[in-house]
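Please take a look at the protein below. A short tour follows, from overall build to individual side chains.

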Amino acid sequence: MTELAPYAVTEGNSRGRKIAEDAPHGRSEFQRDRDRIIHSGAFRRLEYKTQVFVNHEGDLFRTRLTHSIEVAQIARSIARRLRLNEDLAEAISLAHDLGHTPFGHAGQDALNACMKDYGGFEHNLQSLRVVDVLEERYAAFDGLNLTFETREGILKHCSPCNAAQLGELGERFLKNRRPSLEAQIANLADEIAYNNHDVDDGLRSGLITLDQFDTVPLVATHLQEVRCAHPDLPERRVVHETVRRMINTLVTDLIQQSERNIAGQQPATLEEVRSAPAMIAFSPELNERQRALKSFLHAHLYRHYRVMRMGVKAQRIISDLFGIFMEDSRLLPPQFQPPAGQAEGERARAVSDYIAGMTDRYAIREHRRIFAVEEVPASF
Ligand code: MG
């Protein structure tokens with residue numbers, strides 16, 4: 001195995017876990033983090049949570065689970081090439097979306113609006129809350145008691161106000177410092193994964209078509225190459241071949257630009273990584289191309305009227321559920337009921353945790369169970 005770069009995160013320079021534990025046998029601390037994440041309930045629920053397409057719309061669309069696995073694959077490839085800690089990049093990638101609400105961004109916006117008088121809702125902070133507090137699996141502690149470096153990577157962004165309440169973990173947002181290179185990789189691997197799979201899923205759904213991409217250079221150049229080299233290839237394979245090439249181009253560019261940045265900054269230690277500017281980056285040209293693709297997807301896919309309709313439904317479901325549980329917390333399942341006399345803000349946070357943990361279909365069923373006037377089948 002190649003030796004890690006001197007500025008990689010290792011067990012030697014790790015800030016460790018909040019609650020001290022015996023060292024793991026036969027695996028590293030970061031592999032242990034990854035394993036805990038995979039065995040968590042929140043991780044399994046990612047299978048039925050979606051970003052753009054709701055789960056029942058089709059079996060082939062990405063879910064947050066397959067998205068997270070794709071992010072982990074991309075992050076590991078990049079980390080290995082840069083001689084960074086692959087296991088840490090994997091753990092961060094697998095955990096990065098644990099706090100997402102049902103129904104993707106529409107769900108997050110709706111829950112944030114419901115929570116506006118109680119500190120708001122932010123999926124990134126919620127991912128941290130899942131691994132720090134909400135998972136109940138261990139006898140000795142709440143949450144998963146992950147290493148500082150995995151938690152640091154999960155917290156991608158954070159307002160100064162929230163950062164001030166997070167102690168050591170929030171410090172970098174107040175002192176303008178960076179997280180580890182492994183965390184920076186997971187962050188950009190996320191972008192590579194969703195831009196590309198949204199192109200694929202968007203085309204599969206028929207909401208967008210290949211011809212529309214003529215004005216999007218990142219797609220158009222690869223599409224042209226594929227069509228020239230394979231003029232008779234069926235359309236679906238043209239899409240796969242194009243997306244495959246796009247991912248390859250982005251990953252290769254990211255590795256090369258990051259190598260140049262690292263060579264320029266010459267960090268000697270992990271601490272120097274944290275005080276230097278971000279080093280994991282795309283080249284300016286590819287950055288521009290990624291941005292053009294993102295704005296295309298915003299205009300033509302995320303704001304497509306059919307996606308917007310689902311968004312409106314999602315908003316209604318989430319705000320109805322939040323409203324009714326706040327009005328009468330006796331309607332919550334017993335294990336979620338707040339103790340009598342709890343302050344309104346704490347009650348709101350408990351309701352928000354319950355709703356954020358729901359899968360798309362669970363939220364739809366829960367809404368039906370509470371609000372439907374017609375008879376609901378017993379299996380619900
Ligand atoms: Mg993501």
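Contact here means heavy atoms within 4.5 Å. Helices (H or I, at least four residues) and strands (E, at least two) are DSSP runs, numbered from the N terminus. This is a predicted model, in which local features need pLDDT of at least 70 and side-chain atom pairs count only at pLDDT 80 or more, while totals for chains, interfaces and linings use all residues. Residues are numbered from 1 along each chain as its sequence is written, and side-chain values use heavy atoms, with hydrogens and water left out.

## Overall build

The protein has 17 helices and 0 strands. Its C-alpha trace spans about 60 × 55 × 35 Å along the principal axes.

Of the 380 residues, 51% count as buried. Buried means under 20% relative accessible area, exposed means over 50%, and partly exposed lies in between (1.4 Å probe, protein chains only). Among contacts between residues at least 6 apart in sequence, 71% join residues at least 24 apart.

## The magnesium site

Which protein atoms hold the donor positions around the magnesium ion? They are His67 (NE2), His96 (NE2), Asp97 (OD) and Asp190 (OD), at 2.1 to 2.8 Å from the ion. Along the chain, these donors follow the spacing H-x28-H-D-x92-D. His67 lies in helix α3 (residues 64-81) and Asp190 in helix α10 (residues 181-205), so this pair ties together parts that are 123 residues apart in sequence. Both His67 and Asp190 are buried.

Donors are N, O and S atoms within 2.8 Å of the metal (3.2 Å for Na, K and Ca); water is not among the atoms, so sites may look incomplete.

## A covered helix

Helix α4 (residues 86-95) is mostly covered, with 10 of its 10 residues buried. Among them are Glu86, Asp87 and Glu90, along with Leu88, Ile92 and Leu94. The buried residues of α4 pack against α1 (29-38), α2 (41-45), α3, α6 (123-134), α7 and α10.

In the loop between α3 and α4 you will find Arg83. Arg83 has a positive phi of about 60° although it is not a glycine, and it is partly exposed, with a relative accessible area of 35%. Asn145, in the loop between α6 and α7, also is not a glycine and has a positive phi, of about 50°. With 7% relative accessibility, Asn145 counts as buried.

## Nonpolar cores

In soluble globular proteins, nonpolar side chains tend to be buried together. A nonpolar core is a set of buried Ala, Val, Leu, Ile, Met, Phe, Trp, Tyr and Cys residues joined through side-chain atoms within 4.5 Å. The largest such core has 51 residues, and those with the most contacts inside it are Ile78, Leu84, Leu181, Ile185, Val199, Phe213 and Leu293. Helices α3, α10, α11 (217-229), α12 (235-265) and α14 (284-302) each supply at least two residues of this core. The helix that gives the most is α12, with 9 residues.

Leaving aside residues up to four places away in sequence, Val199 touches Ile208, Phe213, Val243, Met246, Leu293 and Leu297. A second, separate core of 24 residues includes Met115, Ala348, Val351 and Met358.

## Salt bridges

A salt bridge is a side-chain nitrogen of Lys or Arg within 4 Å of a carboxyl oxygen of Asp or Glu. By this rule the protein has 32 salt bridges. One of them joins Arg274 and Glu152, at 3.0 Å from N to O. This pair links distant parts of the chain, with Arg274 in helix α13 (residues 270-275) and Glu152 in helix α7 (residues 148-154), 122 residues apart. Arg274 and Glu152 are buried.

Arg330 and Asp328 also form a salt bridge, their closest N and O atoms being 2.9 Å apart. Arg330 counts as exposed at 67% relative accessibility, and Asp328 as partly exposed at 22%. Elsewhere, salt bridges that share partners join Arg27, Arg34, Asp35, Arg76, Arg80, Glu86 and Glu90 into one network.
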